[in-house]
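User: I would like to learn how to read a few features of a protein model. Please begin with the terms.

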Amino acid sequence: MSGKIELPIDLKELCNAFEDSSNDHRYYLDLETGGITLDFLDAAEREELDEMVDEASKERYRYLPNAESKVGNKDMEEFIETVKGAKLKEKLHIAIARSGAFKRFKNVLTSYPNEIERWFKFKDVKIMDHVNEWLEEEGIEIIPQKPIEIREISPLEISDSKEIEESWKGFCARGCLKCDSEEGFKERYFVISRCPDSEEEEHWLDETLKNKFGIKYQGITAGIFNDSRGLINSAVCRKCGSKDIFFDF
Ligand SMILES: [Zn+2]
């Protein structure tokens with residue numbers, strides 16, 4: 001195969017998806033945006049969706065492998081080799097010899113706090129290995145995400161926007177959390193090109209909004225544009241100057 005698919009994937013989100021062992025969850029990677037979608041399904045829906053995505057997957061979506069294949073018996077066996085106590089070792093071997101191995105294995109470890117901690121760390125490394133293997137197999141290369149862009153948007157622009165759903169437009173400052181005033185707020189809104197995906201980015205966003213625009217934001221609403229963009233709302237109470245304002249519909 002020539003050329004890798006380069007995508008700005010959130011690696012933390014991808015690892016979480018690989019780690020999610022719930023049977024009703026199905027994850028898909030969007031090969032156009034690098035976004036990860038989670039679907040909640042019952043058995044019938046799952047079958048139907050799997051078939052559909054199988055057909056479409058060649059073009060746009062990749063189905064993330066399910067939990068069973070992520071952390072398997074091989075990983076548990078490898079961990080057992082690192083356990084020092086002979087008695088615990090034996091218990092773990094017995095636990096994984098039958099069906100429901102993963103659950104039994106974890107149940108045994110629950111009584112050994114140090115060992116379960118060690119298992120979680122071991123598992124994180126294994127998950128990262130599985131993620132990297134999978135990316136390799138699929139020919140996907142993770143590239144850095146684009147920096148977040150921030151643009152101020154006026155309330156008028158919001159109410160005129162055809163991209164924003166009508167029901168969302170009644171969302172505004174309702175009350176001051178300091179002086180209880182219910183009116184007289186100076187509201188400001190900002191569109192961000194995507195939501196922050198790490199603590200560092202959240203910190204960067206806090207600082208940028210504070211230093212560049214002089215605001216403390218009350219919240220980010222994702223999904224109102226039906227893409228990766230988010231809307232930030234902030235307000236100042238004209239009565240007492242507080243920036244802790246309650247927003248609602
Ligand atoms: Zn106030």
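Analyst: Buried means under 20% relative accessible area, exposed over 50%, and partly exposed in between, with a 1.4 Å probe and protein chains only. This is a predicted model, in which local features need pLDDT of at least 70 and side-chain atom pairs count only at pLDDT 80 or more, while totals for chains, interfaces and linings use all residues. Residues are numbered from 1 along each chain as its sequence is written, and side-chain values use heavy atoms, with hydrogens and water left out.

User: Which protein donors does the zinc ion have?

Analyst: Donors are N, O and S atoms within 2.8 Å of the metal (3.2 Å for Na, K and Ca); water is not among the atoms, so sites may look incomplete. Here the SG atoms of Cys176, Cys179, Cys237 and Cys240 lie 2.3 to 2.4 Å from the zinc ion. Their sequence spacing is C-x2-C-x57-C-x2-C. Cys179, in the loop between strand S7 (172–176) and strand S8 (185–192), and Cys237, in strand S10 (residues 230–237), are 58 residues apart and link distant parts of the chain. Strands are DSSP runs (E, at least two residues), numbered from the N terminus.

User: Are Cys179 and Cys237 buried or exposed?

Analyst: Cys237 is buried, at 2% relative accessible area, whereas Cys179 is partly exposed, at 29%.

User: What is the geometry of the zinc site?

Analyst: Ideal angles for four tetrahedral donors are 109.5 degrees. Four donors count as tetrahedral if all angles lie between 85 and 135 degrees. The four donor atoms of the zinc ion make angles of 103 to 114 degrees, and the site is tetrahedral.

User: Which residues touch the most other members of the largest nonpolar core?

Analyst: A nonpolar core is a set of buried Ala, Val, Leu, Ile, Met, Phe, Trp, Tyr and Cys residues joined through side-chain atoms within 4.5 Å. In the largest one, of 17 residues, they are Ile158, Trp168, Phe185, Leu231, Ile245 and Phe247. At least two residues of this core come from each of S7, S8, S10 and strand S11 (245–248).

User: How many bridges join S7 to S11?

Analyst: Two strands pair if DSSP finds at least two bridges between them. S7 and S11 run antiparallel and are joined by four bridges, and Gly175 has Phe246 as its bridge partner in S11.

Conventions. Four donors count as tetrahedral if all angles lie between 85 and 135 degrees; four count as square planar and six as octahedral if opposite donors are over 155 degrees apart and all others between 65 and 115; anything else is irregular.
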